[in-house]
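Here are my notes on this model, point by point. Please keep the structure open while you read.

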Amino acid sequence: MSNPRVLLLGAPGAGKGTQSSRISDGFGVDHITTGDALRANKGMDISELGFEHDTPGEFMDSGELVPDEVVNEIVVTALDDTDGFVLDGYPRNIEQAEFLDARTELDAVIRLTVDDAELVNRLTGRRVCPDCGENYHVEFDQPAESGICDECGAELIQREDDTEATVRERLRVFAENTEPVIDHYAGTDAYVEIDGEETPDAVWDAVETTIEQRV
Ligand code: AP5
């Protein structure tokens with residue numbers, strides 16, 4: 001079996017990060033995530049591009065998309081270094097999708113579907129470990145000791161873009177910019193929709209089977 005090239009699509013909170021980690025571990029491929037790459041470079045000076053904000057972090061904390069020039073560069077560099085991959089959080093608009101199509105083929109394009117009310121609940125309740133990146137939820141996935149990461153013992157935090165107002169703006173931006181990306185891939189042989197409201201294990205079973213059938 002060759003290394004799969006997988007694109008995961010879904011709204012904020014649909015479980016892309018959760019399932020990408022499993023794909024990366026299960027199939028031994030790189031996890032390329034523009035969100036994590038941008039969070040690691042939130043303070044980068046991009047003022048010379050002439051947009052309304054001077055750093056990626058200012059776009060992210062208001063729920064807006066970071067300019068394509070910045071994000072495309074991250075993806076090109078990551079794709080150059082990899083064979084198989086799971087791409088999470090990119091492309092988010094048609095321009096990014098066309099940019100990607102010109103650079104690589106995809107074996108599986110998986111869309112995770114989740115209702116908006118559930119997305120808001122998941123994101124506003126999410127807590128993350130700033131050191132190792134592990135995800136938790138205040139109701140559904142609590143650590144053994146409240147507020148402390150099971151994996152590395154660091155104090156958990158809430159992502160700055162997980163407040164209710166910013167989550168709602170992210171969902172609006174998703175509907176406006178990223179739903180056309182879903183239409184772009186829907187109907188291709190690689191495209192599959194999976195119910196993201198099932199448990200993480202049930203979603204993973206469906207994701208794993210889908211990838212195995214396509215490589
Ligand atoms: P990014 O980091 O990509 O965020 P996102 O797409 O909004 O997705 P999230 O990470 O919030 O959610 P997820 O789908 O990964 O869900 P997760 O598995 O964590 O982007 C952040 C920002 O960066 C953007 O707003 C933008 O500004 C910028 N950016 C990034 N890429 C860009 C691009 N290409 N172009 C321009 N700008 C870009 O799960 C969420 C929660 O639900 C967790 O608590 C988890 O435990 C729980 N959960 C997961 N699965 C289940 C399940 N099956 N059942 C119950 N709970 C579950």
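1. Strand β1 (residues 5-9) runs parallel to strand β3 (residues 85-88), and four bridges link the pair. Across this pairing, valine 6 stands opposite valine 86 in β3. Strands count as paired when DSSP finds at least two bridges between them. Strands (E, at least two residues) and helices (H or I, at least four) are DSSP runs, numbered from the N terminus.

2. A word on the source: this is a predicted model, where local features need pLDDT of at least 70, side-chain atom pairs count only at pLDDT 80 or more, and totals for chains, interfaces and linings use all residues. Residues are numbered from 1 along each chain as its sequence is written, and side-chain values use heavy atoms, with hydrogens and water left out.

3. What is the order of the strands in the open sheet? It is β2-β3-β1-β4-β7, five strands with parallel pairing. β2 (30-33) and β7 (191-195) are the edge strands, each pairing on one side only. On average, neighbouring strands are turned by 20° against each other, direction ignored. Helix α8 (residues 200-214) packs on this sheet and touches β1, β4 (108-113) and β7. Contact here means heavy atoms within 4.5 Å. The direction of α8 makes about 165° with that of β7. Axes are lines fitted to C-alpha atoms, for helices over the stretch in contact; angles run from 0 to 180 degrees between N-to-C directions.

4. Check the peptide bond between tyrosine 90 and proline 91: it is cis, with omega about 0°. Proline 91 sits in the loop between β3 and α5 (94-101).

5. Now the ligand. It is surrounded by 33 residues, and the closest are Thr18, Glu64, Arg92, Arg126 and Arg170. A residue belongs here if one of its heavy atoms lies within 4 Å. The shell divides into 12 nonpolar, 11 polar and 10 charged residues. Nonpolar means Ala, Val, Leu, Ile, Met, Phe, Trp, Tyr, Cys and Pro; charged means Asp, Glu, Lys and Arg; the others, Gly among them, are polar.

6. Which elements each supply at least two shell residues? They are α1 (16-27), α2 (34-39), α6 (116-124) and β6 (135-137). The largest share, four residues, comes from α2.

7. A polar side-chain atom of threonine 18 lies 2.5 Å from a ligand oxygen. A polar backbone atom of glycine 89 is 2.9 Å from a ligand nitrogen. For tyrosine 136, a polar backbone atom is 3.3 Å from a ligand oxygen. Taken alone, the ligand exposes 1000 Å², and the protein buries 94% of that (Shrake-Rupley method, 1.4 Å probe).

Conventions
Polar contact = N/O pair within 3.5 Å; in protein donor to acceptor, adjacent residues only side chain to side chain.
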